[in-house]
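This report describes how selected parts of a protein model are arranged. The sequence and the structure are shown first, and the discussion follows them.

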Number of protein chains: 2
Amino acid sequence: MSTPSRNAISPTRHDDFPEWYQQVVRAAEMAENSEVRGCMVIKPWGYALWERMQSILDGMFKATGHRNAYFPLFIPLSHLQKEAEHVEGFAKECAVVTHHRLEMKEGKLVPAGELTEPLIVRPTSETIIGSTYAKWVKSYRDLPILLNQWANVVRWEMRPRLFLRTAEFLWQEGHTAHETEQEAIAETEKMLGIYETFTREYLALPVICGEKTASERFPGAVRTYCIEAMVQDCKAIQAGTSHFLGQNFAKASDIKFQSRLGTLEHAWTTSWGVSTRLIGTLLMAHGDDDGAILPPRIAASQVVIIPFIPKEEQRTAILEKAEAIALLLRTTQYAGEAVRIEIDSRDINGSTKNWDWIKRGAPLRLEIGPRDLESGTVALARRDRAPKEKESISIEALSERIPEILAEIQHSLWERALIFRTTHTREIDTKEEFYEFFTPKNKTQPEIHGGFALTHWNGSAEAEAKLKEDLKVTIRCIPLEEAPKAGTCPFTGEPSRQRVVFGKSY
Amino acid sequence: MSTPSRNAISPTRHDDFPEWYQQVVRAAEMAENSEVRGCMVIKPWGYALWERMQSILDGMFKATGHRNAYFPLFIPLSHLQKEAEHVEGFAKECAVVTHHRLEMKEGKLVPAGELTEPLIVRPTSETIIGSTYAKWVKSYRDLPILLNQWANVVRWEMRPRLFLRTAEFLWQEGHTAHETEQEAIAETEKMLGIYETFTREYLALPVICGEKTASERFPGAVRTYCIEAMVQDCKAIQAGTSHFLGQNFAKASDIKFQSRLGTLEHAWTTSWGVSTRLIGTLLMAHGDDDGAILPPRIAASQVVIIPFIPKEEQRTAILEKAEAIALLLRTTQYAGEAVRIEIDSRDINGSTKNWDWIKRGAPLRLEIGPRDLESGTVALARRDRAPKEKESISIEALSERIPEILAEIQHSLWERALIFRTTHTREIDTKEEFYEFFTPKNKTQPEIHGGFALTHWNGSAEAEAKLKEDLKVTIRCIPLEEAPKAGTCPFTGEPSRQRVVFGKSY
C-alpha cells in the first residue's frame, strides 16, 4: 500500500513475515524483550493500546452484568492436581515457587525457607477461583456468579514471541457459575459474541466464531468456543476463547448448591478470556511495510499534530497554532467519543516525527509548518494511504472532516482485512488440493501460502492428527453456522455434517 | 455514631479494634483470606473501590505527564543483588521461582526443570525497570522518563492482615528518571502532593506529609517522603510513599546519559507508590460499629435504592418505581461526575438488604416501599447518621438534595477524621509525658491509647531505636513545614531543628 522508503520496515512482510513482525513491534514502540527469558516489557504506546482494549471490554462485561474481582497469583500445587485433564494441559510448563526467602551465603544470594507445598504462578485461575466459589455458593440463590479479573498469568514458553506467546502475559479471565447447563452454555456463547463484536467493531478484524475439536479444547472443558482471525501470512490466530466447563471444575472444586427442588447439585461453570495477544494479532493483521496501522476506534491517539519547525524563530507561532487546532477539535466526536488528539512537540525534525507516527500506526497525521500558518491550512495524511499522499485542508474544515475520515479508515481497514481473508479462504474437497494448498512452493524460503481451507471432516481424530503431522495444519474451529451443509470428508471418505476451518496457526 | 443493633459488628472498635477490623472487611464483603497463605481474594465490592482509586489516580498521573507501561513480574536474582542496601531491605522475604515445570512422579506432581538462575517475584520493580531504562537512555534528550505501572507485587509476610499487609497486593509504582537532581526532587515532591490531594479530596482522610528518618527509609533511597494517616485506634498508617533515589539505582543499573555539556552522567531517579493498603486505611479511619463507611467521592455506588416488598403482588410496581427513580437521577451530578446509583433488586427481605448496604458503607440509601408509592416519597438514610435516622423526601426533590447530602457526608467524614486526629495529637516536651502517652493503662487488654506525639528530636538514631524497643513507637515522619521551630530533644537534651511525628503504626 505504502511507498517503500528508507524508513520502511526491513524485511518486508513478503520477504520474511516473522522478522517483519518483530521489527514492527520494535519500530512501533509497542514492546521489547526483557532480560527475563520470555517476559516482555510493554512500552507506553503498546500499553495505551491495551488500556483502550481493557476499557472497552470492561464496559461490555459490566453492561452484561459482570463485575471485577481479584484472586491470588499463586495456586497451591494440590489445587492444580484436582482436575485430571486440567493437570495434563497446564501442569507442564509453569513457574514454580519453592522458597520464600533469600539468604546471603558467601557473598551470594541463595534461595532459603523452603515451602512445605510449592506454589504455581497461575497459568489460568479455574482451580483457585473454583475453590473460592465453593465457599460462596450454598443455594441456587447464590447463583449466578458473574465475575471477571484483569490479571497477569505465566506459562513457561519455550519459543516466546512478543505478544503472541510470552511467558508472562496480561489478560482478562471471566469465571462464572450457574444453576443450569443451559444458562452456562448461554453465557459461554454470549461472551464469544462480545469478543466477536469487539474485534469487528473496534479492531476492524473479521473473525470466525466456532467450536474447537476435542484435541484443541481447553484442558478440562466440555466445549471450547473461539474466535479465529487470519493475519497477513495467511496463518490463523486464536484471538479469544470461551469455555463451557460443564460440571467438571465444579466437581473438582466441590461447588455445590441446594437446588430449587431441595437437592444438592454441582454448579455449571464457564470461563472466557482475551489477552495481550490481541495486540500481536492486530499488528499482524493490519500492519504494512511501513509499520503498524491502528484502527481509529482502538488507537490511543487518533490524530497526531506534527509541527514542522524549520527555523527556530517560527517555533512559538507554529506550536501555538498546533495548540489552537487541538483546542478547536476538543468537542469533535467520532464513534460516540471525543476524538483523541496528541501534539508531538518533541524538539526533533518534523520528518523524523512524521515517520515515528507512521511506524506507530496513528490513523491520522496533521502536519503543520510555516506555510500553513499563512494559508490557514494543514497537510492531512491518512495511515491507510501512502506516506506521501497528503491533502491540504483548511483548519475550519477539520472538525467536520476528521470524524468522516476516521470512519473511512476504520472501514477501509475492515474491508482490506475481509478481502484478504476471503481471497485466502477456499472450499476444498479433495485431499490432493488440500495438501497442495498447504504446501509451500519454495522449500528453501517458504513464502506466504495457504489460508483457511473450508473442508468437510467426519470427526476423525486420526485424520486430524495426521494433517497436523504432515502439514502442521489444524482444525481452527468448527464454525457456528445457521444451517450447516452435509458432505463427505476427503480424508476418510465418511459422511460429514459440515465443513470445518483448517489452517496453520500461531 | 450509630445505634448499636443486632446487626452491628462484633466486637466493637473499642473492645477489640483489630478484630473489629477483620469483621468489617468480612461484613462489608471487601475481601477474604484465600487458601494461599497471606494472599487475599478481593471481592467485587472491595475491587470496585480499588477500580475507583485506580481511575482517579491514573487521571492525576496522566494529567502530570506520566504514562503507563508494564514490566516483567520476575526479577533475575542477579538484578536484585546490584544495589546493596536494596538487597538488605528486600531480599529477605520474597517468593522465589526455582523451577519451570511440573512432572508426575508416582502419582504426585513435583517441581522439575530447575532454572539456572532463580527468579524473584517482584517485591517492587526498581531493579528490573532500572535495567530497562539503562537501555533506553543515551542522551539528555531521552529524559525525563515518566512512567507508572499498575501491578501486583509479592512480599512474604509473616503476619498478614487483609489489605494492610498481605503477601500479594495490588499497587501502582511510578518510576521516573531525570537529567538533574532538582528535577528528580521536584518530581518526588509533586507525587507526594498528588497523594495528599487524593487522600484529602476523595478519601476524606487528613494525612501528614513528611520525610522518613534514615531507619524507616526505602532501602536504597536518598530520601523517602510519605503520607501518614491516623486511624481509629490512634495508630498511624503509612498510606503512600515517594522516594528520591538520587543516583543510587542509576549507578546500580547503569542508567547513563550524555549531558548537555557532553559529559557522561548518571540519571537521577524517583519511585512512588500507593497500594490496596489504602482500602484498609479507609476502613479503619471511617468505619463504625455497624460496618464500613465510604466517602461519597470514592464509593463505587453512592446511592443504593432498596425496594421493600412486603407482598408479592406489589413487586412489579415497587421495582418499576425504583427504576423510574434511577432514571430520574441519571443526569444528576455530584463533584463533576454522574451520581453512581445501584438498585438492590435481590429477592430477599428489605431489612436484610438495608443492613447489607449499611455494612458495605454505601453513603446514601433510598428505601422505597408500598406506602412511598402512594405518597411519592422515599425514605432517605445517610450512612454517617444512625441506621434508623431516616428522612422522608419527595421524589421530585431528590435530584437537588442528593448532591447536597453527598457533599455533606463527604465533608462530615473529613471533619470527623480531622477532629479525631486533632484530639489524639499532642505536643509533648518531656520524656515522662511521652512514655505515659504511649503506655496502655490496662495491661491485660490494652485499650486504645496514644496517637501522634509532636516531639522534638535531635536526629539521634540511638534515641529512635530505644523508643522503638521500649514502646514500639517510631518516628512516622519529619513533617514538611514552612517554618519549623527549633527546640530541645527530650531524649538526648540536645538542640532539635523541629518537632517530628511519633506514633505506633501498622
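In this predicted model, B:Trp171 has B:Ser275 as its bridge partner in strand β14 of chain B. The pairing to which this bridge belongs links strand β8 of chain B to β14(B), residues 268-275, through eight bridges, and the two strands run antiparallel. Strand β8(B) also pairs with strand β7 of chain B, residues 145-154, in the antiparallel sense over 10 bridges. In that pairing, B:Asn148 has B:Gly174 of β8(B) as its bridge partner.

**A helix of chain A**

Helix α1 of chain A spans residues 17-27, and its buried residues are A:Phe17, A:Trp20, A:Tyr21, A:Gln23, A:Val24, A:Val25 and A:Ala27. Against which elements do the buried residues of α1(A) pack? They pack against β1 (31-33), α8 (277-286) and α10 (350-360) of chain A. After α1(A) comes A:Glu29, which has a positive phi, near 55°.

**The interface between the chains**

The size of an interface is often given as the accessible area lost when the parts come together. Between chain B and chain A, the buried area is about 5400 Å², and carbon and sulfur atoms give 64% of this area. Three residues, B:Tyr70, B:Leu102 and B:Leu109, supply 12% of the area that chain B buries against chain A, more than any other three residues. The contact involves 64 residues from chain B and 64 residues from chain A.

Polar contacts also cross this interface, with 34 residue pairs found. On the side of chain B that touches chain A, strand β5, residues 93-105, gives the most, with 11 residues. The residues on that side of chain B comprise 38 nonpolar, 12 polar and 14 charged residues.

**Salt bridges**

Side chains of opposite charge can pair when their charged atoms come close. Over all chains, the whole structure has 66 salt bridges. How many salt bridges are there between chain B and chain A? The count between these chains is six.

| Salt bridge | N to O distance |
|---|---|
| B:Glu51 and A:Lys62 | 2.8 Å |
| B:Glu32 and A:Lys135 | 3.7 Å |
| A:Arg401 and A:Glu404 | 2.8 Å |
| A:Arg426 and A:Glu433 | 3.0 Å |

The salt bridge of B:Glu32 with A:Lys135 has its closest N and O atoms 3.7 Å apart. B:Glu32 lies in strand β1 of chain B, residues 31-33, and A:Lys135 lies in helix α5 of chain A, residues 126-136, so the pair joins two chains. Are these two residues buried or partly exposed? B:Glu32 is buried, with a relative accessible area of 17%, because the cut-off for a buried residue is under 20%. A:Lys135, at 42% relative accessibility, counts as partly exposed.

A second pair lies within one helix. A:Arg401 and A:Glu404 both belong to helix α12 of chain A, residues 398-423, and they are three residues apart, about one turn of the helix. An α-helix has 3.6 residues a turn, so residues three or four places apart point the same way. A:Arg401 is partly exposed at a relative accessible area of 24%, and A:Glu404 is partly exposed at 34%.

In the salt bridge between A:Arg426 and A:Glu433, A:Arg426 is partly exposed with a relative accessible area of 34%, and A:Glu433 is partly exposed with 27%. Salt bridges that share partners also form a network in chain A, joining A:Arg382, A:Asp384, A:Arg401, A:Glu404 and A:Glu408.

Notes. Residues numbered from 1 in each chain as written. Chains lettered and ligands numbered in written order. Predicted model: local features only at pLDDT ≥ 70, side-chain atom pairs only at ≥ 80, totals over all residues. Heavy atoms only, no water. Contact = heavy atoms within 4.5 Å. Buried area = accessible area lost by both parts, 1.4 Å probe. Salt bridge = Lys/Arg side-chain N within 4 Å of Asp/Glu carboxyl O. Polar contact = N/O pair within 3.5 Å; in protein donor to acceptor, adjacent residues only side chain to side chain. Helix = DSSP H or I, 4+ residues; strand = E, 2+ residues; numbered from the N terminus. Nonpolar A, V, L, I, M, F, W, Y, C, P; charged D, E, K, R; others polar. Buried < 20%, exposed > 50% of the residue type's maximum accessible area, 1.4 Å probe, protein only. Pairing = 2+ DSSP bridges.
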